Amino acid sequence: MNGMDTRGRGKARLFTPRMFLHTGREMVVEIRGSLHTGRGKIGFAAFALGILIGIHGSMAYQSQNGNQDHLLFSALWCAMGLVVLLNLQNHKLLYLLPATREEFAAAQMRKMAWTSLIILIILTAGYACIGHSAGEFLRCVAFKGIPVSISFGGYQIASAQPIKGSMVNGVRIYRLSFLVLLLNCGAAYFNLLFVVDSWNAQSLFLPILNYGICVYATVYLYRKIAYADLYYDELWHDGA
């Protein structure tokens, strides 16, 4: 029993606010390093394009039942830009660090949480610029912004490419299921595409479905990373 309690406390320490802030500082350093590469500049351009699409679309929004496609494209471009900025593609030394699989998995989930938070801020700013009432704004953020940002945050893990010039990515490293990834992104896509204009069951079906799938996908990603069967020396030989 004491051993189980120790493992439980060890897992809890991996998700403390201090560790979360530490991961944020690491991501800032990684982004600064990426900006010195051609690939990083492309990622920053994609991220900036997503911001511009969101600003232009929100300013051109006419009515509360109007088209919100610009928020979808804004979130997609920003997510793709972040993925490029946060993957230098040359992290061979990372796998030499004395970290357990669960520690590494927790670090990846904290990175996913930061990515989701950035996307949520962008979507929240987009809804604020549209000019909704306070109730409509909160409804959009709660039922669309939060689950969509969590779903898009997982894209960073699936697209990770730790070895430069290799075709090996997160999907192959962690043996991820394309079905889970498609369900996760598909639920976010349709949830963000359609406007939630009331509190009835028909309008809340997509948000509730998106919440359920994104929570399942988050747990799925953590377990896949923490209990991956692939050793990193095998990854090196596979990608060489």
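Reader: Hello! I would like to start with a cysteine. Is C140 buried or exposed?

Author: C140 has a relative accessible area of 2%, so C140 is buried. The cut-off for buried is under 20% relative accessible area. Please keep in mind that this is a predicted model.

Reader: And C78, is that residue buried or exposed?

Author: C78 is buried as well, because its relative accessible area is 0%. You will find C78 in helix 4.

Reader: Which residues does C78 touch, leaving out those up to four places away in sequence?

Author: C78 touches A46, F47, G50, I51 and I122. Take G50 from that list: C78 and G50 are 28 residues apart in sequence, yet their C-alpha atoms are 4.9 Å apart in space.

Reader: Let me step back to the overall fold. How many helices and strands does the protein chain have?

Author: The protein chain has 11 helices and zero strands. If you walk from the N terminus, the elements read α-α-α-α-α-α-α-α-α-α-α.

Reader: What share of the residues counts as buried?

Author: Of the 240 residues in the protein chain, 44% count as buried.

Reader: How should I read the contacts in the protein chain between residues at least 6 apart in sequence, and what share joins residues at least 24 apart?

Author: Of those contacts, 79% join residues at least 24 apart.

Reader: What is a nonpolar core about, and which residues of the largest one touch the most other members?

Author: The general idea is that, in soluble globular proteins, nonpolar side chains tend to be buried together. Here, the largest nonpolar core has 19 residues, and those touching the most other members are A75, I119, L123, Y127, V148, F152 and L192. Two or more residues of this core come from each of helix 4 (69-85), helix 5 (101-130), helix 6 (134-153) and helix 9 (178-193). Another core lies apart from that one; it has 18 residues, including M109, I157, Y222 and I225.

Reader: Could we zoom in on one member? Which residues is I119 in contact with, leaving aside neighbours within four places in sequence?

Author: I119 is in contact with A75, A79, L82, S149, F152 and G153. Two of these, A75 and F152, were also named among the residues that touch the most other core members.

Reader: I also noticed a lysine in helix 6, K144. Is K144 buried or exposed?

Author: K144 counts as buried, because its relative accessibility is 0%. Its side chain reaches the backbone oxygen of N191 at 2.3 Å.

Reader: What does N210 touch, not counting residues up to four places away in sequence?

Author: N210 touches P147, V148, S151, A187, A188 and N191. N191 is also the residue whose backbone oxygen the K144 side chain reaches. N210 sits in helix 10 (residues 201-226), and N210 is buried, with a relative accessible area of 0%.

Reader: How do I read aromatic pairs, and how many does the structure hold?

Author: A pair of aromatic rings is described by the distance of the centres and the angle of the planes. The structure holds four aromatic pairs. In one of them, the ring centres of F20 and W114 are 4.4 Å apart and the planes meet at 5°, so this pair is stacked. The pair links distant parts of the chain, with F20 in helix 2 (residues 17-34) and W114 in helix 5, 94 residues apart. F20 is partly exposed at 24% relative accessible area, whereas W114 counts as buried at 19% relative accessibility.

Definitions and conventions. Residues are numbered from 1 along each chain as its sequence is written. This is a predicted model: local features need pLDDT of at least 70, side-chain atom pairs count only at pLDDT 80 or more; totals for chains, interfaces and linings use all residues. Side-chain values use heavy atoms; hydrogens and water are left out. A nonpolar core is a set of buried Ala, Val, Leu, Ile, Met, Phe, Trp, Tyr and Cys residues joined through side-chain atoms within 4.5 Å. Buried means under 20% relative accessible area, exposed over 50%, partly exposed in between (1.4 Å probe, protein chains only). Helices (H or I, at least four residues) and strands (E, at least two) are DSSP runs, numbered from the N terminus. Contact means heavy atoms within 4.5 Å. A polar contact is a pair of N or O atoms within 3.5 Å; within protein, one must be able to donate a hydrogen and the other to accept it, and residues adjacent in sequence count only if both atoms are side-chain atoms. Rings of Phe, Tyr and Trp (its six-membered ring) pair if their centres lie within 6.5 Å; planes under 30 degrees apart count as stacked, over 60 as edge-to-face and the rest as tilted.
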